[in-house]
Amino acid sequence: MKQIIGEPGIDLSSDSKMDLKLTRNSESFHKPNSSNHNLNSFNQASQYFPNLSPTNFLSRAENLQQNLKTKSTNSFEPNLNSGMATQNPPLDWDPHAMLSNLSFLEQKIHEVQSLVQSIIDQQAEFSSRPSELATRQQLATADLTCIIIQLISTAGSLLPSIKNTLLSNNPALRQLVNPDFNNNLKCEGLIRNFPETARNSEYEDLLRNLDNEADWMKEPNPPLQSDIVDANPIDEHDLKESDDGDAEREHLPPGSYIVLQLEKEEILAPHTHFCVICGKGFKRDANLRMHMRGHGDEYKTPAALAKPSKEPGSDVHPVTRYSCPFAGCKRNKEHKKFQPLKTILCVKNHYKRSHCDKSYTCSRCHAKKFSVIADLKTHEKHCGRDKWQCSCGTTFSRKDKLFGHVALFQGHTPALPMDEVKASGSGQGNDDMTEDLGGYNGNFASEECLTSMDVKGIDESRAYFSPMNFDGFGALDEFGRGGFDLEDNPFAFIPSGFSQRSGDS
Amino acid sequence: MEPEKRMDKRIRVDLNLEQNPISPFESLSEEVLFLILDLLNSNPLDRKSFSLVSRSFYKLESCHRRWLTPLRLDLLPSILTRYSSISHLNLTLCSRLTDVTLASIASLLSSSLRSINLSGSRSYTHKGIECLAEKCFNLEEIDVSIRVDLGDEVAAAIGKMVKMERVNMGRCKKVTDLGIGCIAAGCPNLKLLCVKGCVGVTDLGVKLVAVKCRKLQSLDVSFTMITKKCLPAIMQLPNLEEFCMTGCLGIDNKAFVNLKQGCNSLQALDMSNCEHMTDSGVLSILQKCPNLYHLNLASCSSVNVSILSGLKSMCKLGSIKLDGCKVTASGLKSLSNSCISLKELSLSKCPGVTDEGISVIMAKHKDLVKLDVTCCRYITDESLSAITSSCTSLVSLRMESCTKLSSEGFRLIGQHCPKLEELDLTDNDLDDEGLRSLANCHNLVSLKIGICLRITDNGLIPIGQSCPRLRELDLYRAIGITDKGVSAIADGCPHLEMINMAYCTNISDESLKFLSKCSKLCIVEIRGCLQVSSVGISVIAAGCRLLSKLDVKKCCEVNDAAMFSLARYSHNLCQIHLSYCSVTDAGLLALACLGSLRNVTMLHLSGVSPKGLATALLMCHGLTKVKMHSSFKSSIPRALIEHVESRGCSFHWMYKPFQVDFESSELWKQQSHDLFVE
């Protein structure tokens with residue numbers, strides 16, 4: 001921590017404790033400044049907060065700092081944005097929204113206060129039950145995190161027009177999303193410091209009213225959790241040098257990257273970007289920026305509409321990988337053969353595909369189910385076009401896949417296309433047959449006997465073809481589709497995992 | 001001779017009966033009779049005679065028979081109830097085979113049926129095959145070739161026959177990879193698969209067959225779209241002996257050059273007409289398939305034989321076909337050096353073959369058994385002397401249209417090649433002296449001396465006297481031959497099966513009377529023999545009961561009387577060419593009663609009316625191919641034509657002007673040679 005504090009580019013002024021804390025935390029957990037890629041993944045990760053987009057979140061943090069700067073003697077290193085910030089009119093925000101946000105903050109702070117008080121009061125009892133103490137601490141931490149986020153977002157609305165540039169310059173909020181809860185010291189630090197921050201006289205007036213958004217805070221578990229596998233910050237040099245041969249799929253030796261683990265709720269949240277003004281959620285920050293244009297001319301400037309760009313000079317950063325929160329999963333960091341996920345998007349898709357119900361059913365075949373809607377859409381594009389079918393009922397979009405499947409299994413044969421069989425099997429074929437019978441003049445000693453026999457033949461042949469395709473679907477599970485490990489390639493939707501199966505199992 | 005022998009037997013039997021009042025046949029045990037039946041294979045009529053001896057013989061014959069090739073379907077159910085243990089059924093002669101028939105066959109023969117041949121039969125669909133698959137679970141061999149309209153369903157039905165070993169699907173053009181995949185997945189014991197001309201079959205299907213059917217011994221993928229992708233899988237088949245890929249244009253050098261593993265078991269490889277194959281590919285095959293014996297490179301125009309020199313004497317090749325390839329003397333030299341155990345060599349239509357090349361080959365390969373130098377127009381007597389002096393054990397020699405050879409050379413053949421069984425000297429300058437010397441080849445089975453205008457009876461008579469094994473004789477346009485020569489052949493060659501006397505204008509009814517003694521005669525061509533009349537045809541019909549093909553085109557004297565005789569005696573007649581004959585409606589109707597008739601060509605029949613023709617077409621159930629003059633097309637009711645077509649007959653409407661007189665054979669030969677030079 002100490003090393004980081006001393007890093008150049010951050011002016012540690014004693015005047016703003018808040019500033020210091022934010023900076024310290026951010027630097028400790030996200031040493032290199034965010035590239036675009038990291039920023040995006042971060043946005044995905046913090047979806048747990050239904051109303052707070054990480055982007056805005058960050059921007060609010062920036063704004064908050066900006067705000068602080070304007071009010072305090074403290075200032076950051078000479079910054080392009082500071083000029084812009086000062087140019088903005090001070091009352092460019094919706095005071096009603098601000099008020100409601102502040103009320104919520106106030107209520108939240110009171111809750112935390114009482115919680116911490118109870119911890120102090122019952123300290124003697126907790127000594128005998130350390131687990132309960134830990135729970136309480138976690139609760140407090142969660143509440144505090146929430147407060148910080150809300151506080152920053154509230155403050156951020158004060159100076160919305162400069163958010164983009166600020167955002168790119170200062171990833172202050174990183175640490176809020178990924179505090180190390182395993183580290184008790186840090187937790188305590190947070191608990192100790194945040195109330196102070198909140199009680200900062202300059203914000204007292206902002207926390208007057210309660211907000212009605214409190215329901216999402218009532219989660220018993222801490223909403224955010226992250227881990228740093230290696231407690232010590234990794235030296236860039238070490239990172240490059242450390243190639244111990246135990247390479248992962250992408251040849252990253254374990255320990256050479258930071259592992260983050262998001263909670264289930266974060267992963268499953270529908271939106272990750274939220275409008276600070278109206279609270280509307282978005283999946284992409286670009287969409288949010290487009291939306292923001294409706295809130296005033298200041299959002300229409302090229303700077304406001306520009307994509308948050310990477311801060312120059314901060315291109316070196318630790319490799320970040322993600323862990324699945326599902327215990328026992330190969331993508332979970334506790335797993336023996338842990339294989340990390342590369343991006344937040346991978347996390348989302350992996351978690352939905354592997355650990356969630358498949359709630360989207362194909363409207364065409366009513367057989368295939370998906371948990372990721374994109375997968376459904378991809379499937380629907382090709383559904384019905386899977387004309388290559390095996391006798392087991394599995395369908396393939398490509399003939400070579402079908403033949404590979406047939407070659408792999410005993411007793412499986414390629415099935416003829418349904419329409420072809422129907423056409424010749426029942427309609428025309430039957431006519432031929434009756435014609436044959438009628439036109440057959442005395443070629444057989446006992447025509448009757450043959451007739452009956454022949455009719456039987458038709459029925460049998462028909463019976464053979466028709467149920468085949470219906471039975472087939474039932475037989476699908478037999479090949480263990482559910483058990484396929486699709487994690488290796490979360491982006492590739494694999495309609496049938498036969499080709500993958502041998503490799504994974 | 002034959003009828004006399006039969007009389008002898010009968011008398012002997014009668015004598016026996018007098019000595020012993022109890023039938024002598026009762027004393028023969030079943031085993032003995034079965035052994036006798038085992039040996040009665042040469043003539044189908046023998047079995048018939050056997051079964052007519054007594055009730056018990058009839059019964060025994062019914063039990064013993066395993067093979068059946070019915071001519072007509074009418075009596076099939078009753079035949080099958082009599083012969084209940086038929087295991088091999090050949091239905092190729094029954095053109096109109098429906099699913100109903102197949103269903104009845106399946107239920108009557110059920111488990112005893114092991115092999116069924118449906119090649120060329122029409123009207124049946126996949127449902128008939130499914131009936132077979134259901135009931136005949138011992139079926140090991142099926143031939144559904146030449147059914148252009150049959151699709152994957154048939155293949156899928158075959159795929160349900162678990163014991164299936166041999167499948168022929170040649171020219172089932174609608175069969176695709178799916179059908180082949182069904183066979184591959186369903187027939188693990190498959191040993192032979194022919195998908196020749198199945199244009200829908202690609203690498204995927206063939207690959208699956210190679211993966212699934214590890215017992216495969218013979219694979220024919222000719223004229224399919226396969227490429228090099230399926231070759232590695234095929235080459236890994238442990239038992240593959242025969243691989244045919246004629247006309248696979250997707251196969252090129254890379255296919256074999258990049259092949260990692262060759263097939264050790266492969267013995268025969270046919271790559272004829274693979275136009276993209278060149279030397280390096282062939283070399284690589286020979287290196288990777290060490291046990292290859294037969295190699296066919298016919299029409300691989302870009303293959304140069306000299307590349308074989310790289311092989312040294314590693315090569316086990318015994319038979320090589322280089323028809324139409326670029327062959328040079330040096331190439332033949334390297335071939336003779338590398339293929340030390342060569343037994344059969346075909347160099348037909350190789351323009352580069354010269355005396356030098358032939359001499360080089362002959363010097364090295366003294367045990368050559370078969371040689372084909374058809375259309376090698378530059379070889380002379382020198383080659384022939386080289387061939388005859390070294391290869392004394394030659395069995396087959398084909399040298400059609402080697403125009404530079406003289407009678408001197410042919411004499412050498414007669415002197416030095418006594419083992420010759422097959423000799424083709426068509427379109428050569430053969431004279432009587434040369435032909436006479438060929439009489440030394442006592443083992444001759446097939447002799448083709450067509451378009452040898454100089455030969456006469458004087459040359460042919462010695463052949464008839466000294467070649468008793470002769471079965472095939474081609475005297476096409478041998479204008480010097482008269483009745484005398486033919487009588488010598490008829491007397492000396494009782495096994496004669498085929499004789500072609502087309503345009504031998506000196507032939508008359510007498511010749512046919514002599515030939516009627518050859519009871520095995522089944523193919524007679526007397527096209528353009530103007531002296532032949534109905535009398536001769538009637539005698540042939542009565543004497544040669546096995547007659548199956550008859551060509552009497554331009555025999556103007558042949559009239560209804562001949563047709564009546566044919567209708568009465570020739571129940572095996574399946575092909576007849578009647579153009580320019582004096583046949584009328586009556587004769588045609590009589591002919592139409594022959595159930596076996598399948599192929600009729602009748603152009604310019606002046607005595608035939610459209611009505612008579614229509615009736616004949618309607619009566620003749622077995623017809624598959626009819627050639628008629630296009631003027632009849634309008635006069636025969638359309639519905640009738642459609643009806644006949646629906647029975648499986650195809651019409652070929654010819655438009656040829658009526659030819660009044662014919663050019664002489666000399667003129668014809670000159671014209672055809674001029675045509676070649678041009």
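In chain B, 72% of the contacts with a separation of 6 or more are between residues 24 or more positions apart. Hello everyone, and please keep in mind throughout that this is a predicted model.

Let me stay with chain B for a moment. Its 678 residues are 54% buried, and its secondary structure comes to 28 helices and 24 strands.

Now to chain A. Here we have 505 residues, with buried ones making up 49%. The secondary structure amounts to 23 helices and nine strands. If you take the contacts in chain A between residues at least 6 apart in sequence, 67% of them join residues at least 24 apart. There is also an annotation to mention: an unreviewed UniProt entry places "domain: C2H2-type" at residues 273–300 of chain A. In the model, that span is 29% helix and 14% strand, and its end C-alpha atoms lie 18 Å apart.

Back to chain B, and a pair of helices. H22(B) covers residues 534–543 and H23(B) covers residues 560–569; their axes are 8 Å apart, and the packing angle is about 5 degrees. Angles under 35 degrees count as roughly parallel, and these two helices are therefore roughly parallel to each other. So who is touching whom? From H22(B) come Ser534(B), Ile537(B), Ser538(B), Ala541(B) and Ala542(B), and they meet Ala561(B), Ala562(B), Ser565(B), Leu566(B) and Tyr569(B) of H23(B). By type, the residues of this contact are seven nonpolar, three polar and no charged.

On to the aromatic rings. Over all chains, the count is five aromatic pairs. One of them is Tyr476(B) with Trp668(B), an edge-to-face pair with 5.9 Å centre to centre and 75 degrees between the planes. This pair links distant parts of the chain, 192 residues apart: Tyr476(B) sits in the loop between strand E17 (472–474) and helix H20 (483–492), while Trp668(B) belongs to helix H28 (residues 665–677). Tyr476(B) has 22% relative accessibility, so this tyrosine counts as partly exposed.

For contrast, look at Phe651(B) and Trp653(B), which form a stacked pair, 5.5 Å centre to centre with 10 degrees between the planes. Is Phe651(B) buried or exposed? Its relative accessibility is 11%, so Phe651(B) counts as buried. Trp653(B), at 21%, counts as partly exposed. And if you go back to Tyr476(B) and Trp668(B), ring pairs link both of them with Tyr503(B) into a cluster.

One last stop: Arg469(B). You will find this arginine in the loop between helix H19 (457–466) and E17 of chain B. With 39% relative accessibility, Arg469(B) counts as partly exposed. Leaving out residues up to four places away in sequence, Arg469(B) touches Asn443(B), Leu444(B) and Val445(B).

How values were computed:
Residues are numbered from 1 along each chain as its sequence is written. Chains are lettered from A and ligands numbered from 1 in the order in which they are written. This is a predicted model: local features need pLDDT of at least 70, side-chain atom pairs count only at pLDDT 80 or more; totals for chains, interfaces and linings use all residues. Side-chain values use heavy atoms; hydrogens and water are left out. UniProt positions are given in the numbering used here, feature names are shortened, and annotations may be inferred rather than shown by experiment. Helices (H or I, at least four residues) and strands (E, at least two) are DSSP runs, numbered from the N terminus. Axes are lines fitted to C-alpha atoms, for helices over the stretch in contact, and angles run from 0 to 180 degrees between N-to-C directions. Angles under 35 degrees count as roughly parallel, over 145 as roughly antiparallel, 65 to 115 as roughly perpendicular and the rest as oblique. Contact means heavy atoms within 4.5 Å. Ala, Val, Leu, Ile, Met, Phe, Trp, Tyr, Cys and Pro count as nonpolar, Asp, Glu, Lys and Arg as charged, and the others, Gly among them, as polar. Rings of Phe, Tyr and Trp (its six-membered ring) pair if their centres lie within 6.5 Å; planes under 30 degrees apart count as stacked, over 60 as edge-to-face and the rest as tilted. Buried means under 20% relative accessible area, exposed over 50%, partly exposed in between (1.4 Å probe, protein chains only).
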